[in-house]
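Take a look at the model before reading on.

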Amino acid sequence: MLQLQQQMSLAKSVRHRCNEWIFHDIPSDITIDVAGVTFSLHKFPLVSRSGRIRRLVAEHRDSNISKVELLNLPGGAESFELAAKFCYGINFEITPGNVAQLCCISDYLEMTEEFSKDNLGSRAEEYLESVVLKNLEMCVEVLQQYENLLPLANDVRAVSRCIDAIASKACSEQIASSFSRLEYSSSGRLHMSKQAAKCDSDWWIEDISVLRVDLYERVITAMKCRGVRPESIAASLMNYAQRELTKKSTLWNPSGQTKVDIISGSNGQEKLVVETIVSLLPVEKSVVPISFLFGLLRSAVTLDCSVAFRLDLERRIGSQLDIATLDDLLIPSFKNSADTLFDVDTVHRILVNFSQQDDSQDDMEDASVFDSDSPCSPSQSSLFKVSKLVDNYLAEIAPDANLNLSKFMLIADSLPSHARTIHDGLYRAIDIYLKAHQGLSDLDKKKLCKLIDFQKLSQEAGAHAAQNERLPLQCMVQVLYFEQLRLRTALSNSCDDEDYKPSHQSWRISSGAFSAAMSPRDNYASLRRENRELKLELARLRMRLNDLEKEHVCMRRDMQKSSSHKLVSSFSRKFSKMNFFGHSSSRGSSSPSKHSQRTVSKVIERTCTSAE
């Protein structure tokens, strides 16, 4: 009903305007019907300018045609009114706001030089060439006018010419800006100014952001072909996404955990925008900020975009995952309410992409590239960062009651074994999961705890694990064994300064499991870090040993007056006061078990026997 009222109102206004310029002393002999709007005109002015109307009239010459219906005319009645005015010799101004209509109507009505000199088509082309194509803002305005004329005007060359003009103008501005930032250094060499990061030539970004997504896609594609900088392309895509996709702010809020209700009317349009932006992303790595990629991925998941676009985003994110944050990975799950709070499957695919990318880089790198003086290689450094990120992510999703064991273990085991040099973060995440899922069977607990290498736990984490009743008994025994090994190695290395070299082998890698899992260059870098840590630990042990020696001098005075058994018990009490293992500093720890105390006493007795 509303559309019909608008059509009637348009027809009335067109008839009123036509009465102002159509001469009435000669009766009209032809009626033109354009989308329900009729024009009472004269054949001679029309056929003298329009090849299409001339042909229609000629085809019905015998029947003396008096009415012609023009179907699918671009621009409708308003465009035909401009063409009719031109045929009647009525002057009007050609502007960026109507040149698109004139180009389309002249092409449809065949108003070319073949039928009349200085016809409407040549007039519109002349204005387009001399005025519009030399100004980027006018080109954008003309393209906006074409949005209402497509796809009926899809064959008109003016659209492609405006797009090429915009791309050419942006490229030339970029080149001019680059030359303006060239300067000579003190040595006489030509180099780019440090202010190159501020791209003054990218002023066109805001101008083209008003275009419809299909025309915007064609403009960006033309710019890529012209050689516009990838950084400028990325900045334009980000600006366009912020303009089109911020109707639902939660889509771009990494920490937003609430599910988004998308308006059904705009769902299809937003989905098209996301898929278009993903297809236009530059191929160069690190050009697009990873936070923007995660925002696109979050929108793609929400809008249920095509799988190919989501996989492309996951691959791009995986290539620079080492600079991501925990909030980036917390992608809400938009499935049914029985599912997990966060999209664990998407994060797992990202981690797989990262691991594959890391493996491929390792295969391509030459051994000579590795600098033996550097503490770690770039690939190993990124692995360390991602391993910490994954451990924090596991700790964040562990309390989810709907998170099953298989998905949790899939994320924890997605990185190679040499990615973690210390397993404190993984132990913390598993402990949180065990606390939140107390219904796990003993077999599942053992399977989960196999992910932890207890040799790679720090002293504090080891002390906590030794008293953690949530762990299987077998795991607690392993922790106590390594605590004994740590104590024996520390005491033996502290007693004799000449045995310094063996102390370079940390108790965490003494079994060789860690070093075997790593490549030679990564193993070397890890050993250097372990050596630095051991030096600090050795210094602390020496200070403690000095305190023990002072206590030992005092106790030797009592040896002559007491039996050997009393001596050992006294020594044990003195030794426990030193708090060698630091149990009290562990968060959430209970008092040591009797089994642990008996084990420590046996170690002390053997130590005293060897000392005597």
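A residue counts as buried when its relative accessible area is under 20%. The model is predicted.

**Arg316.** By that cut-off Arg316 is buried, because its relative accessibility is 11%. Arg316 sits in helix H14, which spans residues 307-318. Leaving aside residues up to four places away in sequence, Arg316 touches Val278, Leu281, Pro282, Val283 and Leu293.

**Glu275.** Glu275 belongs to helix H12, residues 264-280. Glu275 is also buried. Does Glu275 have a salt bridge or none? It has none: the nearest side chain of opposite charge is Lys271, 4.5 Å away. A salt bridge needs a side-chain nitrogen of Lys or Arg within 4 Å of a carboxyl oxygen of Asp or Glu. With neighbours up to four places away in sequence set aside, Glu275 makes contact with Cys305, Ser306 and Phe309.

**The sheet.** Three strands form an open sheet in the order E2-E1-E3, and their pairing is mixed. E2 and E3 stand at the edges; each has a single partner strand, so one side of each lacks a neighbour in the sheet. From one strand to the next, the twist averages 20°. E1 pairs with E3 in the parallel sense, over four bridges. Within this pairing, Asp33 has Glu69 in E3 as its bridge partner.

| Strand | Residues |
|---|---|
| E1 | residues 30-34 |
| E2 | residues 37-41 |
| E3 | residues 67-70 |

Note on methods:
Residues are numbered from 1 along each chain as its sequence is written. This is a predicted model: local features need pLDDT of at least 70, side-chain atom pairs count only at pLDDT 80 or more; totals for chains, interfaces and linings use all residues. Side-chain values use heavy atoms; hydrogens and water are left out. Helices (H or I, at least four residues) and strands (E, at least two) are DSSP runs, numbered from the N terminus. Buried means under 20% relative accessible area, exposed over 50%, partly exposed in between (1.4 Å probe, protein chains only). Contact means heavy atoms within 4.5 Å. Two strands pair if DSSP finds at least two bridges between them. Axes are lines fitted to C-alpha atoms, for helices over the stretch in contact, and angles run from 0 to 180 degrees between N-to-C directions. Lys and Arg count as positive and Asp and Glu as negative; His and the chain ends are not counted.
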